[in-house]
Structures are given as C-alpha cells and as structure tokens.
Amino acid sequence: MTNPRRTALEALLDITDAGAYANLRLKEALAGLPQREAHWVSAVVYTTLDHLLYIDHVLAHFAKGRVQPVIRGILRMGVAQLLYMEVPDSAACNESVNLCKQVGKQNLAGYVNGVLRAVCRNRDSLPPLPEDSVDRLSIQFSWPKWLVEEYVAQYGAEFTAALLDAKAPGMTLRAQYPYTTEALRADLEAAHISYRPGELIGEACVLERGMDVARQEGFLAGRYTVQSESAMLVCRLLAPQKGMRLLDACAAPGGKTAYLAHLLEGEGHIEAWELHPHRGALIQKTLERLHVEGVEVQVRDAAQPDPAKLEAFDAVLVDAPCSGLGVFGKPDARYAKSDAMINPFLRSKDGSWRPVRAMSGRAARWYTPPVPYPSGRMKARFVLFWRSIGPFSREIWTPCRRPCNGGQRTAWCSYFPIWITRRDFLWQGW
C-alpha cells in the first residue's frame with residue numbers, strides 16, 4: 001500500500017535537492033493515487049515549498065548539528081504541517097517519526113520527534129525575524145534575498161511586502177466556444193462545486209476549493225479549461241473581433257491561442273508560432289483537446305524578420321519567454337533562479353536583445369496600424385506579456401513608434417507592453 005507521506009517526501013527531495021520541476025514531479029507522483037491522497041500529497045509539497053525559507057529559519061533554531069537531506073525533508077514537511085496545515089500536532093509528529101523509520105532512519109526517529117515537539121511547545125515564541133528589511137522579507141515570505149533586494153530598491157519595503165504576501169485566487173475555469181459560460185456555471189452548480197465570478201474577467205469561474213479537474217468529464221471533453229484571469233486579460237487587450245487575423249507569436253502550450261479562438265467564435269484566422277517542435281506539439285495537443293479550429297500552428301523563430309508577414313495581421317500577442325517569477329503556483333521556480341540564469345532570457349550570447357526585445361520589435365511590425373477612435377486616441381493592437389517585475393525586466397522595453405493613418409499620426413500605442421504581477425498590478429504603456 002502506497003504511503004502518501006513517503007510519496008510526498010520523495011517528490012519534495014527530488015524538487016529541492018535534485019532540481020526537478022514541482023509540477024512535473026508531482027504529476028508523476030500523483031499518478032494512480034486515490035483523489036484524497038493525491039490532494040494531500042500536492043498540498044504538503046506545495047505548502048512546504050511556499051514557506052521553505054521560513055521553515056528553514058525555524059529549523060535552524062531547533063535542529064542543531066548537521067542534518068541529513070532525508071531528515072531535513074521530513075522535518076520540513078513536519079513543520080509545514082504544524083504551522084500551515086490543519087493537521088493535529090500529534091499526527092504531524094507521530095507520522096513524521098513513522099516516516100523516519102520507513103526510510104531506514106530508525107536511529108534518528110527520536111531526534112525528529114524531539115525537534116518537532118520543541119516547535120509545538122514554542123509555537124508562540126518562534127525565532128524572531130531579522131531586523132534588516134531585506135533579510136526579514138526574504139525569510140518571512142520565503143523569497144530569495146537577491147530578488148527581494150531588487151524589489152525593495154525599486155519599489156520600497158512596504159510595496160514589496162504587499163507584493164510578496166499576495167495569495168493565488170484559486171483554480172479558475174473558463175468555457176471554450178461553442179460551450180458557453182452559462183452552461184459551465186450550470187454544470188458547476190449541478191455538481192455542487194462552489195465558485196465565484198472573476199474580478200477582472202466576468203466569464204471566469206474561480207473555484208472556492210480545488211478539484212482534480214483532469215478527471216472531470218467536461219474538461220476531458222474539451223468544454224472548458226483551466227486559465228487564469230491574467231492570461232485571459234492579455235488576450236482581451238487585443239480587442240479581438242470576428243473575422244480578424246491574429247498572431248500568437250510565442251504560443252505554447254496554447255491556452256491563450258485557444259482563448260483568442262474562443263473570443264473570435266470560430267470566425268477568423270490565428271497563427272500560433274513556437275520556436276521548438278516539441279512545444280509546437282503542445283499547442284496542437286491543447287487545440288485538439290478543446291476542438292479549436294481556424295488555427296495554423298507553425299514552428300518558427302518570432303525574432304527573425306519575414307517580409308511576407310509585414311502588416312499581415314490585425315493584432316499580435318507576444319507572451320515573451322521570461323523568468324516566470326511572477327507566476328502563481330510555482331514556488332520552486334523562485335529558488336532555482338538567479339541573475340545569471342535570467343540573463344539568457346534577455347540577451348543572446350553576443351549580448352544582443354534577440355530573445356525578447358528583438359522579438360517584440362519584429363512582431364510590432366507584423367500587424368496593420370491601429371485605427372483611431374473618434375476622440376483621436378489609438379486602439380492598441382500589439383500586446384507584449386511579461387510575467388516578471390524588477391530592473392531586469394524594465395530595461396527591456398524600448399517604445400516602438402510607427403506612422404499610421406496615412407502618416408498623419410504617430411501611434412505610441414502600437415507598442416503596448418503590460419506586466420501582470422503576483423497581485424495583478426497592471427502597467428499600461430500608451
């Protein structure tokens with residue numbers, strides 16, 4: 001019989017010590033587990049990762065001496081259960097001791113029990129946080145110090161604290177045309193699944209509690225899918241209308257492409273580009289599951305010039321390669337990142353801006369110039385989506401001015417960078 005705690009421990013060690021991606025490693029670990037156990041394994045691993053630096057701060061006070069990796073993993077999970085999960089103290093301690101024995105560390109079972117019991121006894125007087133604002137925020141919210149330094153220097157400690165304290169809104173579903181939002185809501189209510197409408201996108205359904213959506217008949221049938229409001233928002237900023245020609249220049253895994261097709265209601269044409277064949281296959285798989293038509297998937301480099309594509313589209317979306325540091329639900333990503341690792345997203349080996357700036361510069365010229373409103377304000381038709389904030393992202397953008405309307409007007413809004421951060425703060429460049 002599979003022990004969910006041992007499954008969680010093995011997954012956690014692979015993520016923290018071997019560099020495995022949490023979402024992929026958990027997908028492997030949860031395969032075949034009963035739904036209740038799968039939920040618990042996922043919860044304890046993600047909770048531990050989300051609070052990892054603070055958990056280690058606590059353990060540094062109570063766990064003296066050199067701690068073996070497997071014991072450190074058991075203690076991390078134990079503290080996560082004690083401080084952040086609704087697990088009784090006795091269960092968290094006893095099951096951690098049993099887990100210690102199961103992995104062949106019987107001689108350290110007393111040590112594990114002693115450390116966790118000490119945390120229980122001192123729950124109201126845990127080690128204080130450092131006085132330095134950067135050190136304090138780094139440990140309090142479990143974000144790397146180098147990144148907190150960047151944020152505090154750019155935005156100040158108060159804004160940084162609010163940013164790092166933001167919580168994910170929960171799993172969000174949306175319908176896929178021709179299935180309607182009304183039909184999705186009716187199905188959720190019939191299944192007694194509680195939800196609330198999205199704050200930014202009214203058609204979004206934010207679930208009050210998580211569920212194993214991959215086992216739901218409606219998901220498997222392609223009637224609805226999981227997509228965040230921020231991802232839907234950037235698609236709506238293109239203002240897609242029936243009959244338009246759209247380009248999704250960095251389209252994998254295909255969720256935004258599918259939503260653009262949903263907004264066009266089957267009337268229009270979309271090209272979805274990706275640099276790598278295996279990611280192009282991901283787009284195709286997504287579109288097939290959702291029964292999306294009218295999309296042409298191409299494996300090509302969006303940073304390379306192509307005269308044939310000059311003004312070939314009515315609107316262009318660039319979800320540029322980024323650090324992923326602004327994405328909810330991937331706490332492991334922030335521990336694995338550094339300036340040295342992020343730079344390849346920004347510059348090629350020769351120091352040029354090819355990966356992002358060159359790509360956006362090319363793409364900004366692939367759409368038909370926007371048409372002015374009666375007021376004279378121009379309607380944006382180019383959206384660049386970047387899921388990171390900080391100096392390493394702000395230095396990328398160079399406004400792209402283009403003459404339009406017969407050369408009588410210059411449209412700054414031809415270049416429309418936006419950032420959606422962990423709190424859905426939004427900057428619009430007009």
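Reader: Why is Arg-72 called partly exposed?

Author: In this predicted model, Arg-72 has 25% relative accessibility. Buried means under 20% relative accessible area, exposed over 50%, and partly exposed in between (1.4 Å probe, protein chains only), so Arg-72 counts as partly exposed. Residues are numbered from 1 along each chain as its sequence is written. Local features need pLDDT of at least 70, side-chain atom pairs count only at pLDDT 80 or more, and totals for chains, interfaces and linings use all residues, while side-chain values use heavy atoms, with hydrogens and water left out.

Reader: What makes Asp-17 and Arg-72 a salt bridge?

Author: A salt bridge is a side-chain nitrogen of Lys or Arg within 4 Å of a carboxyl oxygen of Asp or Glu. The closest N and O atoms of Asp-17 and Arg-72 are 3.5 Å apart, so the pair forms a salt bridge. Asp-17 lies in helix H1 (residues 4-18) and Arg-72 in helix H5 (residues 69-84), 55 residues apart. Helices are DSSP runs (H or I, at least four residues), numbered from the N terminus.

Reader: How do you know that Arg-334 is buried?

Author: Its relative accessibility is 5%, so Arg-334 counts as buried. Arg-334 forms a salt bridge with Asp-50, with the closest N and O atoms 3.0 Å apart.

Reader: Why does the pair of Arg-76 and Asp-56 tie together parts that are apart in sequence?

Author: Arg-76 lies in helix H5 and Asp-56 in helix H4 (residues 52-62), so the pair ties together parts 20 residues apart in sequence. The closest N and O atoms of this salt bridge are 2.8 Å apart.

Conventions
Helix = DSSP H or I, 4+ residues; strand = E, 2+ residues; numbered from the N terminus.
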